[in-house]
Amino acid sequence: MAEGAGEEKKKFSIWDLPDVPMGQLPPHLELQRSRVSCNKDAPIHTESIQYSGAYASMGIDNSSRLDRFSNNFRVEVVRLNEDDIEFDMIGIDAAIANSFRRILIAELPTMAIEKVLIANNTSIIQDEVLAHRLGLVPIRVDPRLFDYLSENDQPNEKNTIVFKLHVQCKRGSPRITVKSDALKWLPNGSELVKETRNATSDSSSKPEIYTYFGCSQETVPEFVKNPIIPKYPDIIIAKLGPGQEIELEAHAVKGIGKTHAKWSPVATAWYRMLPEVVLLEDIEDDLAEELKSKCPVNVFDIEDLGKGRRRATVARPRACTLCRECIRGDDWEKRVALRRVKDHFIFTIESTGALPPEVLFTEAVKILEDKCERVITELS
Amino acid sequence: MEHGFFTDNSAATFSLTDEDHTIANAVRFTLNQDPRVTFCGYSIPHPSEARVNIRVQTTGGAVFDASQYAFFGNDVLEEVELGGLDDEDEDLPAAGLDEEEFLFDQEEKF
């Protein structure tokens with residue numbers, strides 16, 4: 001690619017470069033700096049050129065200053081539903097986009113069932129399997145209203161949510177399926193008492209309970225209109241045959257995905273770089289038809305040039321999945337170039353329901369800010 | 001938590017506990033973009049231990065100016081809601097994340 005590397009349709013030769021650098025990178029270097037070239041066998045130029053003096057000999061400053069960043073940076077929301085969001089971030093680097101993705105998956109707090117107090121379980125689902133399944137049920141509550149529960153704290157209304165599950169399949173009736181809507185919220189705290197092994201305790205001593213709720217959680221204004229329930233009422237927790245019974249209490253606490261994946265607020269969060277499909281030469285008539293039929297996601301379109309001649313154009317480059325079908329076969333690599341734009345990220349976040357996805361992203365930004373602040377306060 | 005700080009004023013290794021690639025890669029990228037930095041990299045000594053070492057070597061003479069971080073002391077929540085981000089210009093690139101929030105909120109309205 002040292003000499004005569006074609007960009008678009010005109011041929012470029014390095015002998016045409018001016019003697020004094022003009023403040024702009026020549027096209028072949030700009031391509032290397034800002035695009036990942038996806039060739040048939042492997043992508044090249046995947047690393048981002050971060051070093052500020054990388055192009056110092058050309059007289060170009062590769063450093064990024066805050067004012068330039070804030071002028072060029074854009075966020076454009078493409079799709080926003082109740083459960084997922086797709087938006088574009090233009091002007092940042094993969095390092096920061098990856099930090100957001102990691103924080104979304106592992107460091108945003110949610111509420112999930114942690115302790116399960118089983119009073120009676122005669123079903124065929126083992127205790128620990130039942131507890132594991134209950135922990136994975138997503139709960140529809142804003143975790144920002146709660147505090148963390150550490151080992152020294154007592155469980156109270158500010159850090160615990162208590163659910164109760166009591167189902168029974170009567171003898172003679174058919175098998176029943178226990179779904180997640182059977183979990184009932186107990187706003188007043190736990191109803192079970194701790195067993196005291198002390199044989200000498202008399203009946204006047206107060207029985208110990210598991211949670212110490214000062215006031216009912218129903219009095220909190222957010223929960224008056226939205227009682228705390230699992231987000232999806234049709235998750236199968238267990239199945240009971242005749243005569244089997246499950247009676248348990250489940251306590252939900254706040255945690256982050258790093259400790260256990262049940263506390264991850266996203267079904268998943270991912271990003272991809274914007275694909276760019278460039279036709280290096282005019283593709284006409286039969287070749288154009290062939291190209292259009294090759295692409296499984298219909299990236300290409302045919303336009304009529306008049307007089308029966310047709311030409312292929314790139315209609316939907318964003319839909320490209322980089323399957324490389326269009327460059328398979330002889331000579332196709334010379335006609336079509338597949339690239340990715342290095343600073344344009346298409347982010348998709350799918351929420352499990354505790355928080356809406358756009359709130360999840362703003363919370364992730366706040367968490368990254370908190371981390372930076374913590375480092376700075378430690379240094380100073 | 002710095003090491004190798006006494007002899008040479010222009011280079012240091014920072015050892016951060018309870019951190020991982022999430023913040024280390026972002027800091028490394030941002031530091032590399034600064035023209036006063038000659039070398040910046042990070043490593044994780046052992047994956048089972050949550051510790052990351054960030055090594056920075058500079059051209060010397062970069063004075064630590066605490067006034068740049070003035071915004072961190074303020075009530076950050078208030079700034080996001082009122083959109084009071086006019087005085088962000090002298091802050092570190094890491095502080096520029098606030099602008100992202102602001103722009104993102106703008107998008108939501110449309």
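The chat below walks through a predicted model with chains A and B.

User: Before we start, what should I know about the numbering and the model?
Analyst: Residues are numbered from 1 along each chain as its sequence is written, and chains are lettered from A, with ligands numbered from 1, in the order in which they are written. This is a predicted model in which local features need pLDDT of at least 70 and side-chain atom pairs count only at pLDDT 80 or more, while totals for chains, interfaces and linings use all residues, and side-chain values use heavy atoms, with hydrogens and water left out.

User: OK, how many helices and strands are there in chain A?
Analyst: Chain A has eight helices and 16 strands, where helices (H or I, at least four residues) and strands (E, at least two) are DSSP runs numbered from the N terminus.

User: And which domains does the assignment give for chain A?
Analyst: Domain 1 covers 30–108 + 264–379 and domain 2 covers 110–195 + 208–263, with bounds that come from an automatic or database domain assignment. Taken over C-alpha atoms, the centres of these two domains of chain A are separated by 41 Å. Their contact, meaning heavy atoms within 4.5 Å, takes 14 residues from domain 1 and 18 residues from domain 2 of chain A.

User: What area is buried between them?
Analyst: It is about 1100 Å², and carbon and sulfur atoms give 50% of that; buried area here is the accessible area (1.4 Å probe) that two parts lose on being put together, summed over both.

User: Switching topic, which residues have the most contacts inside the largest nonpolar core?
Analyst: That core has 29 residues, and those with the most contacts inside it are Phe87(A), Met89(A), Phe100(A), Leu104(A), Phe347(A), Ile349(A) and Phe361(A). A nonpolar core is a set of buried Ala, Val, Leu, Ile, Met, Phe, Trp, Tyr and Cys residues joined through side-chain atoms within 4.5 Å, and buried means under 20% relative accessible area, with exposed over 50% and partly exposed in between (1.4 Å probe, protein chains only).

User: Which helix gives the most to this core?
Analyst: Helix H8(A) does, with seven residues.

User: What caps the N-terminal end of H3(A)?
Analyst: Asp93(A) does, through a side-chain oxygen that lies 3.1 Å from the backbone nitrogen of Ala95(A).

User: Back to H8, is Glu363(A) buried or exposed?
Analyst: Glu363(A), which lies in helix H8 (residues 357–379) of chain A, is buried, with a relative accessible area of 14%. Its side chain is joined to that of Arg144(A) by a polar contact of 3.1 Å; a polar contact is a pair of N or O atoms within 3.5 Å, where within protein one must be able to donate a hydrogen and the other to accept it, and residues adjacent in sequence count only if both atoms are side-chain atoms.

User: What about chain B, where is Asp20(B) found?
Analyst: Asp20(B) sits in the loop between strand S2 (11–17) and helix H1 (21–33) of chain B, and it is buried, with a relative accessible area of 15%. A polar contact of 3.1 Å joins its side chain to that of Arg102(A).

User: In what order do the elements of chain B run?
Analyst: From the N terminus on, they run β-β-α-β-β-α-α, and 37% of the 110 residues of chain B count as buried.
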